[in-house]
Structure formats: C-alpha cells, structure tokens
Amino acid sequence: MGYRPAMADKPKGRGLGTLLVHAGERAVALRARPTVTPIYGTSTYLYPTAKELDQAFADGNQPVYSRHGNPTLDQLEGALSAVEAGKGAVAYGSGMAAIYAAILAAGTPKGESVPAVRRVLVANDLYGATLRLLDEQFRAQGAEVKFTDVCDLDRVQRDLESLRPEVVFFEQISNPCLRVVDVETVVRLAHAVGARVVVDNTFATPILERPLGLGADLVVHSATKFIAGHGDVTAGAVVARTSMVLDVLRHQARLLGAILGPFEASLVARGLKTLELRIQRQCFNAAALASWLSEQPKVARVLYPGLESHPQHLLAKERFGGLFGALVAIELDVTGREQIFRFLDALGLVLPATTLGDIYTLVTAPFISSHRELSSEQRRELGISDSLLRFSVGIEELSDIQNDLAQALEAISDTQT
Ligand SMILES: *Cc1c(COP(=O)(O)O)cnc(C)c1O
C-alpha cells in the first residue's frame, strides 16, 4: 500500500492519547468505488512517498491541501462546468462571493493576475446586495459603475462606447421584475469594445439558457437557489468559458481563500442532479399560476415572461426552449403596506421567506427584503412598488398553491378601503 500504516494494525505500545487521534484512521483500502462522491472531510492529503508529494505539488491535478482542491468540491465544480458548458468552475461559500470573484476575474487584464476593475457597465435591475456590492466595494475603490437598460440594445451600445468598460454585468431574468436579456447581442456589442461579460444566471438556470454558449465570459450562480434547490445550503459558483479566465479565477480563489466546504458542496451536488425535473415542474406550475393570477380582481398586474403581455415574451419564447421560469411577480390592487402584510399573513402553504428557487412555493415583498436598503426613490425607478410581490413557485400540487393564493386574495377583498 505504501501509505502510512493504519494505527489499527499495530496499536500495541501506543498511548491512549495517540490512539484517540489515530486509531482506525486510514485503515480501509476499498477495492470498490462508491457510486456517489463521498464527502472528503479532510484538510490535507498523504502521499506514499515524499517524491510523489513533490510531484503532486508540481502537477497541480492531485489534491495537496483543501484550499487548493478537495475531491468533493472538484466533483461539484466539474458538474457545474459541464452543465453550463464551460471550461471549468469555482464554487464559493455564497452567491455574493461568486459575484465579487467573477467581477474581479473579468476585470483582470489578459496575461495578468491582479484585478484592475476601473469601469463596469451593469443592468439597472439587480439583486439588492449586488447593487450594494457595486457601490460599497467597486465604486468606493474608485471604479466607475454605470447603470444601463440591458433590454434597450441601442442604449447598451451607446453606453459601451462612451464608458469603454472592462466588465459588463447583468442578470438573465432580472430580480424582481423578471426582465429577459438578449444575451447573444449584448455579448457581441460588449466584445466589440473589449469588455468581458458576466451573467448572473441564478433565475434562468442552465435549463432555460446557457450564456457561455452565447459567448458570455463568465456565468455566476447563487447555488443557494435553484441549483441546490432545497433551501438547506448557502453556496455560489462561477463558470468560465475560457481556460485563461478560469486560471485567473482559480488563482484568485486560492489566494483569497474563497472556497466552499465539502459538506455544502455535497448538498449542492445532490441538488444539481434533480435540477431539470424540478425546473420543469416549477415552470409548469408558474405558467399556470401566472395566467390564473391575471384574472383575479385584486391583482393589478402580473409579470411573467410566459405571458404575451410581458415586454420580452417573444425573446423568452425563442431562447428558453418553451419554459419561462419559476418566478412570477404581481402587483396587488391595494394601497398601503397593511394590506400587503395582511395578504402575506393570510397565506398558509406559500411561505413568506426570503429566498427563491426552493422546492416549496415562496413569496417575498422586495420592498421589505431584497431591496429594502434602497431608497423608495431608487425602488420606484426600478419599478419596485410597495405592492409588488415575487413568487418563487415550488413543486407542490398546482391546485393547492392556487387555493392558498385564492384564500389570501379573499382575505384582502373584503377589507379594501
Ligand atoms: C440570492 C441571489 C444572489 C446572492 O446569492 P447568496 O447565495 O445569497 O449570496 C445573487 N444574485 C441573485 C439573482 C440572487 O437571487
């Protein structure tokens, strides 16, 4: 075998204190291989000889220390890269860490490893914490951050030409207004001025669209959401289209120590296996609920890419393979937050919890959650009114979700002023 012998083999003569540390460890040499990657809860690795350890350091493709690589994490990163059709992926402890890392890597000049993010062009409507990251990290350190309407391609082109950014960042299916971006065209325009494109694909998931295939340079996920899917883990990932950007991403992740632990990685990897099944069911439920909600008197407006009334319906229809996502936003026909709170409190099955992408149906009011730190002026500009609610539709029975919404709408019907 060559590995350091297991203490279980020759426990005689060792003290209890030593046995407690080593006994039974490294004793099992399996001939069989597990069907699923085990959780490698180890921070370091042993090689049979010092020469092989030296070789492992030199080659870089065998584990030597878990900040540089862990087989459980490697499996997840390999899987994420394959499903997003990239050259490789790096997993992080949260979606925010992934977004930060992706912008740094995208803003690292060719052939260098030190990030130099000076100009970033970003979508107007972004996840609340992403807006604050841009403001409190990048802008605060002197970068120019310009907002644009990524659905208005003429404006994107003008802004690209005047700003000349290193990085363009947007969400495919935006939060919370569910706008859909023509990724292919934005990528073409951005590449023409030498910018790299980062797409937050958390809402679309690779089941609806794979931006790297359309030329995007990096794809980001809050794996906390659909990818893991069960509301039991916080994680993020970045997938790179080219080895050059991947190398930068890996180098920076190791240096900053921004890694995902093996326990979380194994939960995310398990979630990923059922992503397509969950998304299909969730999209089916969401589409049915969106049309039903459109007919309810207390619902003033429904935002769903699958409805013909949605401004990018045709684009979504062309690009997303017949699916339109699991998120539905509505505006209730009420005035004042009491009515909104009454609706939320009346829900029984639908959970008013701050997240999305889980197997259960969830609802949030962005003005008190994801976008609460923005001023009401900023929210108004983004189209986020106090009566806007965002549903993340789960895999439950459609009729049960619908009945729950119906009785909550009923609860605000008889109280209207
Ligand atoms: C949740 C979310 C994030 C942040 O991810 P965390 O895992 O919470 O850090 C970023 N972007 C989008 C679109 C999200 O929904």
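Where is the place of aspartate 149? Aspartate 149 sits in the loop between β3 (144-148) and α6 (153-163), with helices (H or I, at least four residues) and strands (E, at least two) taken as DSSP runs and numbered from the N terminus. The model is predicted, so to speak of local features takes a pLDDT of at least 70 and side-chain atom pairs count only at pLDDT 80 or more, while totals for chains, interfaces and linings use all residues. Residues are numbered from 1 along each chain as its sequence is written, and side-chain values use heavy atoms, with hydrogens and water left out.Aspartate 149 is buried, at a relative accessible area of 19%; the classes used are buried for under 20%, exposed for over 50% and partly exposed in between (1.4 Å probe, protein chains only). Leaving aside residues up to four places away in sequence, aspartate 149 touches Asn124, Arg155, Val156 and Arg179, a contact being heavy atoms within 4.5 Å. The side chain of aspartate 149 also has a polar atom 2.9 Å from the backbone nitrogen of cysteine 151. With arginine 179, the side chain of aspartate 149 makes a polar contact of 2.6 Å. Polar contacts are pairs of N or O atoms within 3.5 Å; within protein, one must be able to donate a hydrogen and the other to accept it, and residues adjacent in sequence count only if both atoms are side-chain atoms.

A salt bridge here is a side-chain nitrogen of Lys or Arg within 4 Å of a carboxyl oxygen of Asp or Glu. Aspartate 125 lies in the loop between β2 and α5, so its pairing with arginine 179 ties together parts that are 54 residues apart in sequence. Arginine 179 is partly exposed at 22% relative accessibility, whereas aspartate 125 is buried at 6%.

The structure holds 13 salt bridges. Another of them joins the side chains of glutamate 166 and arginine 119, at 3.5 Å from N to O. Here too distant parts of the chain are linked: glutamate 166 is in the loop between α6 and β4 (167-171), arginine 119 is in strand β2 (residues 119-123), and the two are 47 residues apart. Glutamate 166 is buried, with a relative accessible area of 16%, and arginine 119 is partly exposed at 28%.

Next come the domains. The domain assignment, whose bounds come from an automatic or database source, gives domain 1 (16-273) and domain 2 (276-414). Their C-alpha centres lie 28 Å apart. Across the boundary, 36 residues of domain 1 are in contact with 37 residues of domain 2. The area buried between the two domains is about 2,900 Å², with carbon and sulfur atoms giving 66%; buried area is the accessible area (1.4 Å probe) that two parts lose on being put together, summed over both. In domain 1, the residues that lose the most area to domain 2 are Leu178, Leu208 and Phe226, which together make up 24% of what that side buries.

How many salt bridges are counted between domain 1 and domain 2? The count is three. The side chains of arginine 319 and glutamate 184 meet in a salt bridge at 3.5 Å, N to O, and both residues belong to a salt-bridge network that also takes in Asp182 and Glu318. On the side of domain 1 that touches domain 2, the elements giving two or more residues are α5, α7 (183-192), α8 (205-208) and α10 (262-273). Of these, α5 gives the most, with four residues.

A search of the whole structure finds two aromatic pairs. Rings of Phe, Tyr and Trp (its six-membered ring) pair if their centres lie within 6.5 Å, and planes under 30 degrees apart count as stacked, over 60 as edge-to-face and the rest as tilted. The rings of tyrosine 100 and phenylalanine 138 have centres 5.5 Å apart and planes at 50 degrees, so this pair is tilted. Tyrosine 100 is in helix α4 (residues 95-106) and phenylalanine 138 in helix α5 (residues 128-138), so the pair ties together parts 38 residues apart in sequence. Phenylalanine 138 is buried at 6% relative accessibility. Phenylalanine 341 and phenylalanine 367 form a stacked pair, 6.5 Å centre to centre with 5 degrees between the planes.
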